[in-house]
Amino acid sequence: MKRRLDKHKNQIDQIYIMEEKKHSKLGELAATAICGNDISSSVLYVSALAIAFAGQYAWITLLIVSFVLFLFRKIYAEVVGALPMNGGAYNALLNTTSKSVASIAATLTILSYMATAVISANEAMHYLHHLIPSLPIIISTIVLLSIFAILAIGGISESSKVAIFIFGFHLISLLFLTLFIGYYLITHGIGTYFENQHFQLSDGGIGRAIFLGFAVSMLGVSGFESSANFVEEQKEGVFPKTLKNMWVIVSIINPLMAIFALSLFLVPTLQSDSFQNTLLVEMSDLVGGHWLAGLIAVDAVLVLSGAVLTSFVGVTGLLERMTLDRILPNYFLKKNSRGSSYRIIIIFLLLSISVLLITNGNVKLLAGVYTISFLSVMALFGIGNILLKVKRAKLPRPAKATWIAVILAIAAVVIALIGNISIEPKDGLPSNFTVFLEYFIPSIVLIFIMLNRTTLLKIVLSIIRYVFDPLEEIVGKFHSKIRSVIDDINKQEFVYFTKGDNISVINKAMLYVKDNEHTKRVKIVMVVNDKVKMPKDLPYEIDFIDRVYPEIKMDFEVIEGNFGPKLVKDLSEKWKIPINFMFIGSPSDKFPFRVEQLGGVRVIM
């Protein structure tokens with residue numbers, strides 16, 4: 001008995017350990033790495049974007065972005081601290097407005113993650129293509145998306161280990177690049193930077209340059225919202241630390257890289273297409289040679305891949321929350337043994353691959369979706385903070401953003417949103433807003449269908465009733481009429497004149513009626529007189545046959561008289577039996593009787 005108890009105790013301990021592993025929370029490093037890979041990967045493109053629009057003032061626009069992000073630290077900390085659940089802006093609006101309004105934020109967040117996953121994976125493969133020119137970009141992008149989907153299905157703990165490795169490699173690579181650039185500037189001077197200060201800006205002057213530069217630079221904080229979407233997977237107190245860490249990274253790396261770029265190359269060179277796509281690789285090649293350029297290219301592949309992982313983790317947390325709120329079917333809540341919502345991940349993977357194939361690899365088309373979705377989510381989160389202050393003022397929260405900070409942050413995001421919408425598209429591509437609407441409208445329609453599916457199903461049911469109820473009434477009348485005709489036919493009585501036959505002959509007569517006549521009533525008649533007497537067993541035999549054929553109602557009558565046409569006619573008039581004639585023929589072994597017309601009635605003899 002003791003051995004058995006010990007065995008059960010060991011099994012329980014193993015189950016407990018497995019559950020602890022399955023539900024283990026993320027620490028500061030793991031949580032920061034997951035969302036930090038997304039936001040820190042912006043260094044690969046945001047400095048080049050800012051220089052393209054703001055020229056020598058790009059570092060100023062990036063510092064303004066840092067200030068805006070500083071304001072959002074308190075905004076996010078207050079909302080998530082008061083409502084520590086997955087969902088980000090969706091969760092904030094759900095608890096302060098309605099599901100319909102919150103669903104708009106959710107749709108924008110999903111589109112943002114979709115665009116991030118596809119763009120990041122595609123850009124990662126473009127960097128890898130520089131190292132392996134024979135690499136097929138679209139196929140390799142699909143493979144990369146699939147790899148990180150499998151990793152996400154393996155569980156957030158396993159995903160965080162990969163994220164930490166990528167994050168660490170990225171920071172070390174940037175440190176190497178910074179040291180080489182610093183040495184290069186010490187030995188070559190910073191004359192290029194001062195020369196760039198005299199660069200002539202395009203129409204609009206400094207104000208317009210900083211405005212547009214700030215608008216595009218706000219894309220450098222994409223990923224900041226991700227931590228709020230998987231806050232339930234983080235240990236207590238980790239979430240505000242992830243916000244601080246991401247802010248520090250963006251505030252240091254992005255402006256610094258812009259200053260370095262302006263110190264190494266002239267603005268016209270930096271604004272060329274080749275530098276826009278691979279700025280850090282060009283910088284690395286200049287200050288450290290091909291090996292450093294190769295290192296940064298590998299880093300770009302890894303950190304952009306990390307941004308793909310961030311998308312999978314963030315969208316999983318969001319869709320799980322939406323499913324728990326019954327906006328989406330419970331189908332999505334199915335988890336594997338590692339506690340991963342694999343169905344959500346697979347569907348998001350298929351969605352991302354389909355978007356990649358629809359755009360035929362030209363993911364620049366998704367820039368509008370990515371830009372407007374992300375900035376709209378940031379603005380809605382700020383609005384959610386205001387509504388939380390007004391409607392849920394008594395709700396305890398560990399941090400609190402001031403009113404002026406919230407208003408400034410929302411205004412800054414709105415300005416960035418307007419700026420990005422107003423930018424003229426290049427290369428004959430449609431405007432950002434046009435592409436955004438092409439993806440947003442179908443997505444929001446689908447979400448609202450799911451949100452109101454019960455009401456819509458009731459409407460469909462009402463339409464079906466409106467169309468088919470009149471038909472049902474008509475069909476019912478036809479059914480009743482046909483049933484009545486059938487009953488009338490079955491009520492027609494069949495007359496069997498017996499001569500006192502034995503039970504086998506009577507049984508064969510009933511078989512004939514059952515198989516050949518449309519009736520359920522049979523009248524058995526025995527005509528008696530001085531010469532014809534009724535057998536004493538006949539009533540008992542007829543009673544037995546009646547029980548053998550319960551579906552046929554049998555009546556037995558004894559009539560005195562002489563059997564013949566006159567008797568049959570008189571009985572026909574008396575019983576009001578309709579005329580229905582059929583001639584079978586002479587008696588045989590199978591039918592030892594005949595069916596004839598006698599006096600206008602169908603009879604068996």
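Author: A salt bridge here is a side-chain nitrogen of Lys or Arg within 4 Å of a carboxyl oxygen of Asp or Glu. The model is predicted. By that rule, the count is six salt bridges.

Start with Lys 335 and Glu 320. They form a salt bridge, with the closest N and O atoms 2.8 Å apart. Lys 335 lies in the loop between α15 (290-324) and α16 (342-358), and Glu 320 lies in helix α15, so the pair ties together parts that are 15 residues apart in sequence. Glu 320 is buried, at 13% relative accessible area. Lys 335 is partly exposed, at 38%.

Next, Asp 325 and Arg 321. Their salt bridge has its closest N and O atoms 3.2 Å apart. Asp 325 is buried, with a relative accessible area of 14%. Arg 321 also counts as buried, at 10%.

Now the strands. Lys 523 and Glu 557 meet in a salt bridge, 3.2 Å from N to O. Lys 523 belongs to strand β2 (residues 521-528) and Glu 557 to strand β3 (residues 553-560). The two residues are 34 residues apart, and the pair links distant parts of the chain. Lys 523 is buried, at 7% relative accessible area. Glu 557 is partly exposed, at 26%.

There is also a network. Glu 78, Lys 389 and Arg 397 are joined in it by salt bridges that share partners.

Of its 605 residues, 48% count as buried.

Notes
Residues numbered from 1 in each chain as written. Predicted model: local features only at pLDDT ≥ 70, side-chain atom pairs only at ≥ 80, totals over all residues. Heavy atoms only, no water. Buried < 20%, exposed > 50% of the residue type's maximum accessible area, 1.4 Å probe, protein only. Helix = DSSP H or I, 4+ residues; strand = E, 2+ residues; numbered from the N terminus.
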